[in-house]
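Subject: Structure handover: aromatic pairs and nonpolar cores

Hello,

Here is the structure for your files. My notes come after it.

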Amino acid sequence: AYEIRNCDWSSDVCSSDLVDFYFQLGSTSSDNKRIKLGITMNLEHGWHTFPTTFEGEVGSPTSISLTNVFGLKPIGDEFKPDREPVLEKIGDWTLQVYHNSVTWTQEFEMLPDVKQNAIGVEGAIKFQVCNEGACQPKNIKFSLGVTNEDTEPPARSEEHTSELQSQ
């Protein structure tokens with residue numbers, strides 16, 4: 001399994017005073033042909049974030065996009081959360097939110113003729129964290145696995161990269 005290799009907050013590394021991210025890219029099958037990307041967001045106590053499907057007057061949905069996919073083909077076309085958001089009354093609004101933590105996953109299959117550890121992804125997450133008094137929009141970029149010319153990367157799956165965005 002790959003752990004996070006690079007994460008760019010433009011000044012921080014996958015962690016801030018309000019949120020920490022954990023990324024994992026690894027096999028989910030005995031033949032190592034099915035791969036799962038997991039993105040876990042851990043929130044500071046008292047803060048919340050919004051689901052990728054959020055629609056509301058206040059707040060912004062979380063958006064996860066993959067800009068490059070190496071050696072992998074997506075199964076399905078969206079990241080799925082590990083649970084449903086909770087409905088919470090905040091001020092005059094009822095919002096769908098996640099507290100504490102949430103993990104989004106996307107499954108892939110390895111492309112034919114790809115070497116065992118020659119897979120990788122690059123992407124970005126746009127999200128907002130809020131408490132009862134304030135909201136902060138944030139953006140990060142990440143990369144995991146083989147995403148450069150140093151180790152004979154497999155063919156890029158560009159045809160699927162633009163499709164694979166959170167809905």
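This is a predicted model: local features need pLDDT of at least 70, side-chain atom pairs count only at pLDDT 80 or more; totals for chains, interfaces and linings use all residues.

Aromatic rings

The count of aromatic pairs comes to five. In one of them, the ring centres of Phe 21 and Phe 127 are 5.2 Å apart and the planes are at 70 degrees; edge-to-face requires over 60 degrees, so this pair qualifies. Phe 21 is in strand β3 (residues 19-27) and Phe 127 is in strand β11 (residues 120-130), so the pair ties together parts that lie 106 residues apart in sequence. Phe 21 has 4% relative accessibility and counts as buried. Phe 127 is buried too, at 2%.

Another edge-to-face pair is Tyr 98 with Trp 104, at 6.1 Å centre to centre and 90 degrees between the planes. Relative accessibility is 1% for Tyr 98, which is buried, and 0% for Trp 104, also buried.

Phe 21 and Phe 127 also belong to one aromatic cluster, together with Phe 23 and Phe 142.

Nonpolar cores

The largest nonpolar core has 31 residues, and those touching the most other members are Phe 21, Leu 37, Ile 39, Leu 72, Val 121 and Ile 125. Elements that give two or more residues to this core are β3, β4 (34-43), β6 (63-70), β7 (72-81), β10 (101-110), β11 and β12 (135-145). The most comes from β4, with five residues.

There is also a second, separate core of six residues, including Phe 50, Leu 95, Val 97 and Cys 130.

Regards

How values were computed. Residues are numbered from 1 along each chain as its sequence is written. Side-chain values use heavy atoms; hydrogens and water are left out. Rings of Phe, Tyr and Trp (its six-membered ring) pair if their centres lie within 6.5 Å; planes under 30 degrees apart count as stacked, over 60 as edge-to-face and the rest as tilted. Helices (H or I, at least four residues) and strands (E, at least two) are DSSP runs, numbered from the N terminus. Buried means under 20% relative accessible area, exposed over 50%, partly exposed in between (1.4 Å probe, protein chains only). A nonpolar core is a set of buried Ala, Val, Leu, Ile, Met, Phe, Trp, Tyr and Cys residues joined through side-chain atoms within 4.5 Å.
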